Amino acid sequence: MFVVLLTYTAPIEEVDLALPDHVEWLNRQYERGLFLASGARKPRVGGVIITRPMSQGKLDAILASDPFAVRHLAKYEVVEFSPTKTAPELRGINEAIPH
């Protein structure tokens with residue numbers, strides 16, 4: 001699984017102009033079943049995305065299609081981790097724990 005930390009690299013006014021396209025992009029990733037959670041960081045310096053398990057290459061391609069990336073409005077820090085404990089309601093998505 002991955003946690004993606006977005007940090008804005010442009011003024012917030014530019015980010016806000018691209019926000020509707022970014023939200024539409026997020027919605028497509030949820031419809032495809034790829035993202036589990038996302039939201040703004042506080043203070044509002046970027047965002048956070050938690051993904052389902054996938055390959056690093058697939059995630060890199062998905063992130064490259066984000067309007068924030070296309071318009072050079074954010075940088076991405078990708079943290080891969082292998083969850084060894086999961087809340088009961090999330091166990092179905094944790095491939096590392098036998099079901």
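Contact on this tour means heavy atoms within 4.5 Å. Helices (H or I, at least four residues) and strands (E, at least two) are DSSP runs, numbered from the N terminus. Axes are lines fitted to C-alpha atoms, for helices over the stretch in contact, and angles run from 0 to 180 degrees between N-to-C directions.

You are looking at a predicted model, in which local features need pLDDT of at least 70 and side-chain atom pairs count only at pLDDT 80 or more, while totals for chains, interfaces and linings use all residues. Residues are numbered from 1 along each chain as its sequence is written, and side-chain values use heavy atoms, with hydrogens and water left out.

**Stop 1: the sheet.** Show the strands as a cartoon. There are 4 of them in an open, antiparallel sheet, in the order β2-β3-β1-β4; two strands pair if DSSP finds at least two bridges between them. At the edges sit β2 and β4 (74-80), each pairing on one side only. From one strand to the next, the twist averages 15 degrees.

**Stop 2: β3 and its partners.** Select residues 46-51, which form β3. With β1 (residues 2-8), β3 makes 5 antiparallel bridges. Pick V4 and you will find I49 opposite; pick L6 and G47 faces it.

Now turn to β2 (residues 35-40), which also pairs with β3 in the antiparallel sense over 5 bridges. Here F35 stands opposite T51, and S38 has I49 as its bridge partner. To follow the chain from β2 to β3, trace the hairpin of 5 residues that joins them.

**Stop 3: the helices.** Select α1 (12-31). Helix α1 lies across β1, β2 and β3, and runs at about 165 degrees to β2. Next, select α2 (residues 56-64), which packs on the sheet and touches β1, β2, β3 and β4; its direction makes about 160 degrees with that of β4.

**Stop 4: the largest pocket.** On a 1 Å grid over the protein atoms alone, a pocket is an open set of points where a 1.4 Å probe fits, with protein on both sides within 12 Å along at least five of seven lines; lining residues have an atom within 4 Å of a point. The largest one holds about 170 Å³ of space, a volume filled by probe spheres set on the points, which are joined across faces, edges and corners. Select H22, L26, G39, A40 and G47: of the 15 lining residues, these are the closest to the pocket's centre.

Which elements each supply at least two residues of this lining? They are β1, α1, β2 and β3. Coloured by type, the lining shows 9 nonpolar, 5 polar and 1 charged residues, where Ala, Val, Leu, Ile, Met, Phe, Trp, Tyr, Cys and Pro count as nonpolar, Asp, Glu, Lys and Arg as charged, and the others, Gly among them, as polar.
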